[in-house]
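Student: I would like to learn how to read this model, feature by feature. Where do we start?

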Amino acid sequence: MHNKFTIVAPILTGHHATVQDMLKPFGTICPDTTPDSFGFAQIDTLHFASLCIFNDVQDGWSLLFEHNIDGQIEDHIDNLIAVAEALDGGAFLLELYNHCAGFDGQTLAALRTYLLQHVIKPQAGFISAVGMSRDQIRLDARVYDVVDATLGAAGQPLAPGTAQAQVLDALNADTSVADWHSFPDPGIDLGLLGKLGAVLSLLGNAIGFLVLAIINLPRERAADQERARPDIDFQLSLAENEDIIPTNHMLSVVYVHTDAGRQLAKRAAFGLLRTLVTLVFRKGFLGEIDTIHFAHWSFCNDNRRLIFVSNYDGSWRSYLDDFTLKASNGLNLAWGHSVGYPKTWAMLKGGASNGPQFIDFARRSMFPTLVWYSAYPSVSATNIGRNRKLRAALIKARSGSTDTSWLELV
Amino acid sequence: MAETDLTASPDIQGIFFRGYVKLDQAAYGFFRITDRIAFQDWLRQMLDDDLITTAKDRQPADGVKNRMNIAFSAPGLQTLLAAGYLADGYDHAFAAGITSPQRNRILGDVDANDPGKWDWGGREPVHGVLMSFATTTDIAKARLLTALCKENGADCTHTTFGHLEPDQREPFGFKDGVSQPVIAGTKRAEYLRQNHPKEAAVSIVPAGELLLGYVDGTGKLPRTPATSAGLDPDGLLDPHPVWHDRRDLGKNGTYLVFRQLEQHTKAFWDYVEKTATGEGDDTPKRLAEKMVGRGIDGEGLAPGKHDTRETNNDFDFTDDRDGLHCPIGSHVRRGNNRAVNIKNAKVSLDVTLRHRILRRARIFKDDDGATGLQFMCFNASIVRQFEFVQSAWCNNSMFQGLQKEVDPIIGTPRAARLGVPDVDRFTIPRSPYRRVLENLPQFVTVRGGAYLFMPGMQALRFMAQTCRAEAALTNAFTDQSDPVS
């Protein structure tokens, strides 16, 4: 089971530059990079994490710490704290959070409480590798690599049966994939109860959403749009930490309209998205998009701000192009009623389909990612899905199946 | 709305629509503007003498020995227009320039392609290019150098040459320029619609995808640069469609990406020679064709026969999703996915058609034997079209489920780093399982490049008079404030 959440902590007035200086040198962190002060690679529940700071006209600067994890939030925070303690007695984390308001503790126990108090669970989100733990994703990737290496360049292909036998031998001989046939795959089946619950929730949210969409229509059509283009230096500051590896990260924090009608409509829209994702988008695709690992939306700053964090394959530009060309309706559900958003109809039409204006809106709403961690930089969301299928087929082959069509997956 | 045929427009520079095939020799003069007044005077003279060729000029025409076209970089426009250069209105990749650090990463202009190593445009940006096409290299060069001189306010910092091969083959030996976008409303588009509907479906794009001032694939006008109305006292330009108090500098103009790409032809053929097993289909020629994604004579590799000019573009890969015919990672399939971007063929095609570029490449061959392409392409947005194709498709090592590989022809292989393995292979889907070409060297190296804007003729006329307009404005105020003198 996955969880995704953010920890948003207010930074003490005047301390944001110090926090930025502490974080910026880390940049992109992967399991192979030299150990970092967070010990990300040692937190075995962690898929993706990021840290950045953003400012708010009323509340000033906040520190945002994003987590995409296996299992329960509390257990994960325990892991985070335990790893920090082992690394440097927790000195780095304590120093970081001592720049945050409301934390005056000197102990990791106090920090644990503080972090849990500032956890924000998302309104809606998407995960492509449904049900897969970090360790399964990595194991599947190693299995793929063993198979790929065994098949080699294949100037002359072996007979399928021979190839299968060689691959199974190689897997059995390789100690780095010792549990390749026994490691469980939880699968993607939602179960009858889960489906029923999701359908009911979908209906409820859909009715609420439709009513609110009509009520909000006059305000929606009258809302101002912002057409300014992101300036070149700002774009540079964002690009600095992009395209370091083929997977990328984005953080956006927008202002949303705060009147009750539109706030409620946003809740219903997120309810719709949440249930659609649970019910329909379970096979790695969000509509036609298959490049998103983990993404989610959450409210912060008294529901005046909406955070969007995403870990996706490919460049930012192609990601946003996907949004506008393939998923504009879904994006409107999530980002509609944001201040300055391109004009929408009932949070569905218009908006993100207005390519250049939407892309500028999204770019302007971003803050540079200061620290970003990926637990498996070598594989795309598509690769993860393929590897999952491959290992499942090989487990069948091991128990005597003669179906060698898995060879086409490699 | 009826689409008008733009191919005879007197306001569009000729090279956009024509390859000037009769003028098979070209010289490209990259220049810096040293004296903007002298440069504008020269430009005006060129325009008055009809020396900048337009789409209206009949081609091929007998007796014509020379054609010229001109385009400017962002620093060039800034120098020429001064306060009339409003950076906000331009495509932001153009404004930032091809060598800006974040562009290097997405374009693959790193390591061997590092702009610091380029012959031109890398260390010092050019202000523009004057393209001279002629029947002989001597004529092309002489015309160029006569034009780009100190008296005309220009310093020609680098000259490079290009030519066309009679059979359109690029240096690796492949027929080139087979698939091009076709502008809706042109005779060619009508011909395709009526006679080759399949090719029409994957080729025809609205004019606004390639030219500013016309609606694009979204049904809206593409973004167009603005300039100051104060510098246009004679009303040469139309009002800007968004900022009504400004003028539209973009109409009938287009962004031009120029990249000089050296091709290591020996390394290319040596590699396939060494790698092919010779068994069955595993021949050097076939491996090369699989990397390119077309037959050496331009044949399409999709199922069926696509080996004539009539048939070599009438396919969309929907019958070849697995790439058993045309590999998913091949050069042409990365660059132009047709209808297999994603599951839905219709949406896929829309996506692909929003990322087409119009190419006008010529071949260079230096005295030292170095050869390759003077790659030129036109598009309405460099970010959305050229850069997207180059980064999201060609240089994306996670393209459509692939791993550890980029475009085998123009991609930039990368050594392992940050947990990402070496990116240096090429996968050929095959039954019962794939063939992999390993340790692929880099076959193409970038030797120079620039992001340019090729204005329409009216915009050139405007650009040739802004110094005078500026002076008139200044004088008007000087006269008022100091009536005695």
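**Reading the model**

Tutor: With a sheet. Chain A holds an open sheet of six strands in the order β2-β12-β3-β4-β1-β5, with mixed pairing. Strands here are DSSP runs of E, at least two residues long, and helices are DSSP runs of H or I, at least four residues long; both are numbered from the N terminus. Two strands pair if DSSP finds at least two bridges between them. β2 (27-29) and β5 (119-120) of chain A stand at the edges with a single partner strand each, so one side of each has no neighbour in the sheet.

Student: How many bridges link β1(A) and β5(A)?

Tutor: Strand β1 (residues 2-10) of chain A pairs with β5(A) in the antiparallel sense, over two bridges. Within β5(A), Val119(A) is the residue opposite Ile7(A).

Student: What sort of model is this, and how are its parts labelled?

Tutor: It is a predicted model, in which local features need pLDDT of at least 70, side-chain atom pairs count only at pLDDT 80 or more, and totals for chains, interfaces and linings use all residues. Residues are numbered from 1 along each chain as its sequence is written, while chains are lettered from A and ligands numbered from 1 in the order in which they are written.

Student: What scores does the model have?

Tutor: ipTM is 0.93 and pTM is 0.94. pLDDT is the predictor's confidence in each residue, from 0 to 100. Chain B has a mean pLDDT of 93, with 97% of its residues at 70 or more.

Student: How do I judge the overall form of chain A?

Tutor: For 410 residues a compact globule would come out near 22 Å, and chain A agrees because its value is 23 Å. Its C-alpha trace spans about 65 × 50 × 45 Å along the principal axes. The chain contains 13 helices and twelve strands.

Student: How do I read burial along a strand?

Tutor: A residue is buried if 20 or more other C-beta atoms lie within 10 Å of its own, exposed if 12 or fewer, and partly exposed in between; C-beta atoms are placed from the backbone. In a regular strand the side chains alternate between the two faces of the sheet. Now take strand β9 (residues 305-313) of chain A: nine of its nine residues are buried, so the rest of the structure largely encloses it. One side carries Arg305(A), Ile307(A), Val309(A), Asn311(A) and Asp313(A); the other carries Leu306(A), Phe308(A), Ser310(A) and Tyr312(A).

Student: Which strands pair with β9(A)?

Tutor: Strand β7 (residues 247-255) of chain A pairs with β9(A) in the antiparallel sense over nine bridges. Val253(A) has Ile307(A) as its bridge partner. Strand β8 (residues 292-300) of chain A is also antiparallel to β9(A), over eight bridges. There His296(A) is bridged to Val309(A). The β8(A)-β9(A) hairpin has four residues between the strands, and Asn301(A) takes a positive phi near 45°.

Student: How do I check a helix?

Tutor: Compare its span with the expected one, 1.5 Å times one less than its number of residues. Helix α7 (residues 192-222) of chain A has 31 residues and should span 45 Å; its end C-alpha atoms lie 43 Å apart, which agrees.

Student: Where is the kink in α7(A)?

Tutor: A bend is the angle between axes fitted to the seven residues ending at a residue and the seven starting there. In α7(A), a kink of about 55° lies at Asn216(A), shortly before the proline Pro218(A).

Student: Which residues of α7(A) are buried?

Tutor: An α-helix has 3.6 residues a turn, so residues three or four places apart point the same way. The buried residues of α7(A) include Asn205(A), Phe209(A), Leu212(A), Ala213(A), Asn216(A) and Glu220(A). Among what covers them are α9 (260-279) and β10 (344-345) of chain A.

Student: How many residues meet across the two chains?

Tutor: A contact needs C-beta atoms, placed from the backbone, within 7 Å. 43 residues of chain A are in contact with 38 residues of chain B. On the chain A side, α10(A) gives the most, with five residues.

Student: Is Lys266(B) buried or exposed?

Tutor: Lys266(B) counts as exposed because it has 9 C-beta neighbours inside 10 Å. Its place is in helix α8 (residues 265-275) of chain B.

How values were computed:
The radius of gyration is taken over C-alpha atoms; the globule rule is 2.2 Å times the number of residues to the power 0.38.
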